[in-house]
Amino acid sequence: MAGPKPLLLTPLTIRGVTLPNRIAVSPMAMYRARDGFPTPFHLVHYGKFALGGAGLVYVEEAAVTRTGRITNGCLGLWDDAHAEALAPVAAFLSAEGSIPAIQINHGGRKASAQRAWEGNGRLTPENLANGDESWQPLGPSENPFSEGWPVPRPLDRDDMDTIREAFVAAALRAVRAGFRIVEIHMAHGYLLQSFLSPLANARSDAYGGSRENRMRFPLEVARAIRGALPSDVPVFARISAVDWIEGGWEMDDSVALARALGEAGIDLVDCSSGGNLLKGATNTNLSRSPGYQAPFARRLREEAGVFTQAVGLIRTPHLAEELLQAGSADIIAVGRQMLYDPFWAHHATEALGETGAFEAWPRPYAWWLEKWAAGLRSSGEAPAA
Ligand SMILES: Cc1cc2nc3c(=O)[nH]c(=O)nc-3n(C[C@H](O)[C@H](O)[C@H](O)COP(=O)(O)O)c2cc1C
């Protein structure tokens with residue numbers, strides 16, 4: 001007799017959105033955009049995850065202003081034309097049964113950098129000769145991201161108002177483009193996280209110093225977005241639960257932030273970590289084992305009463321299911337393993353012993369694969385080679 005349906009494959013409703021399963025494709029920047037516009041690459045890249053059965057597909061971080069791009073290849077949402085260009089991606093994901101989400105970001109002091117595979121560092125004369133442009137990074141204060149990086153221009157009150165409104169406008173454009181969930185990027189050393197972390201924020205006004213002050217601007221952005229979006233649209237926030245650097249942002253800080261985010265109407269906290277560098281600092285306890293960030297998600301879920309998403313080296317369906325069963329998270333996000341196997345969600349269904357595993361596959365595939373798999377089995381082979 002079949003056992004209870006695995007939690008990983010059980011729907012989850014948040015506000016007006018029901019995910020068909022709890023498998024998310026983690027936001028992953030592809031650096032293939034031009035002037036913030038997607039290319040056919042994006043439709044194919046994201047579309048295949050919907051065909052692959054993921055309940056939730058995050059489109060990578062999209063910049064809320066032109067100078068909020070991390071690199072010249074980042075997606076944008078600072079203009080209505082970007083939203084129009086992204087609409088077919090959202091429409092395709094929806095049509096194939098996934099919930100389309102998008103992450104919105106400002107690169108802050110890490111902006112104007114190389115694409116990941118070019119080195120992830122400062123733009124070189126060669127990059128500029130090849131057509132890239134550079135721009136002035138912004139930050140909470142003048143602390144550069146790392147040695148040799150440009151000194152960011154500290155935001156004044158007008159800049160903060162402008163950027164907050166740019167986040168709101170980008171979120172509204174995302175919804176108009178057909179995205180059902182908006183995730184605010186508050187992690188990885190980008191603008192909002194750099195306000196949170198004492199390693200990056202040296203302000204002496206109401207936005208620096210105490211934890212409460214450092215949380216003020218990110219919370220203003222979160223409240224403004226929540227207030228502007230329809231109430232049936234979930235708003236999530238990705239945070240760096242810890243900086244992994246002595247003297248940096250710690251788990252107790254994340255508990256306080258997650259509670260405040262929950263009070264601001266943010267539905268889910270997506271628990272990543274890291275992203276800041278500090279010369280001469282020691283990394284605390286940085287061990288990257290399977291599910292290494294899931295304990296962060298669990299603590300926030302328990303102590304802040306928000307939905308959480310766990311991410312980070314969750315490669316097998318069994319680990320994903322175990323984490324959900326243990327109450328560590330409500331959604332499991334898979335990153336690199338999805339690049340390796342875009343059909344991970346369908347393979348997870350099979351691996352977790354669900355019968356009729358091909359039912360959820362696109363019909364034109366399933367019709368063939370059912371017969372193909374039956375044939376393989378009858379000759380003693382398995383579909384998974
Ligand atoms: C190519 C690539 C691009 C990424 N871009 C983003 C991004 O746009 N936003 C974000 O929050 N995290 C980004 N990340 C981090 C992933 O979302 C994820 O948290 C990380 O890869 C750990 O999960 P994994 O072990 O399943 O890959 C990126 C990771 C990769 C590999």
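The model is predicted: local features need pLDDT of at least 70, side-chain atom pairs count only at pLDDT 80 or more, and totals for chains, interfaces and linings use all residues. Residues are numbered from 1 along each chain as its sequence is written, and side-chain values use heavy atoms, with hydrogens and water left out. The ligand sits in the largest pocket; "sits in" means that more than half of its atoms lie within 2 Å of the pocket's grid points.

**Largest pocket**
- A pocket here is an open set of points on a 1 Å grid over the protein atoms alone, where a 1.4 Å probe fits, with protein on both sides within 12 Å along at least five of seven lines.
- The largest pocket holds about 1,200 Å³ of space, the volume being that filled by probe spheres set on the points, which are joined across faces, edges and corners.
- Its lining has 42 residues; a lining residue has an atom within 4 Å of a point.
- His188, Tyr190, Arg238, Ser272 and Ser273 lie nearest the centre of the largest pocket.
- Strand E13 (331–334) and helix H10 (336–340) each supply at least two lining residues; both element types are DSSP runs numbered from the N terminus, helices (H or I) with at least four residues and strands (E) with at least two.
- By class, this lining has 20 nonpolar, 15 polar and seven charged residues.
- Nonpolar means Ala, Val, Leu, Ile, Met, Phe, Trp, Tyr, Cys and Pro; charged means Asp, Glu, Lys and Arg; the others, Gly among them, are polar.

**Ligand**
- The ligand is surrounded by 15 residues, each with a heavy atom within 4 Å of it.
- Ser26, Pro27, Ala29, Leu313 and Arg336 are the closest.
- The shell divides into six nonpolar, six polar and three charged residues.
- Polar contacts are pairs of N or O atoms within 3.5 Å.
- Gln103 places a polar side-chain atom 2.7 Å from a ligand nitrogen atom.
- Arg238 has a polar side-chain atom 3.0 Å from a ligand oxygen atom.
- From Glu61, a polar backbone atom is 3.4 Å from a ligand oxygen atom.
- On its own, the ligand has 600 Å² of accessible area, and the protein covers 82% of that (Shrake-Rupley method, 1.4 Å probe).

**Second largest pocket**
- This pocket has about 380 Å³ of space.
- Its lining counts 22 residues, with Asn21, Gly53, His346, Thr349 and Ala360 nearest the centre.
- Helix H1 (40–51) and helix H11 (344–351) each give at least two residues to this lining.
- H11 contributes the most, with three residues.
- Nine residues of this lining are nonpolar, nine polar and four charged.

Note on methods
Polar contact = N/O pair within 3.5 Å; in protein donor to acceptor, adjacent residues only side chain to side chain.
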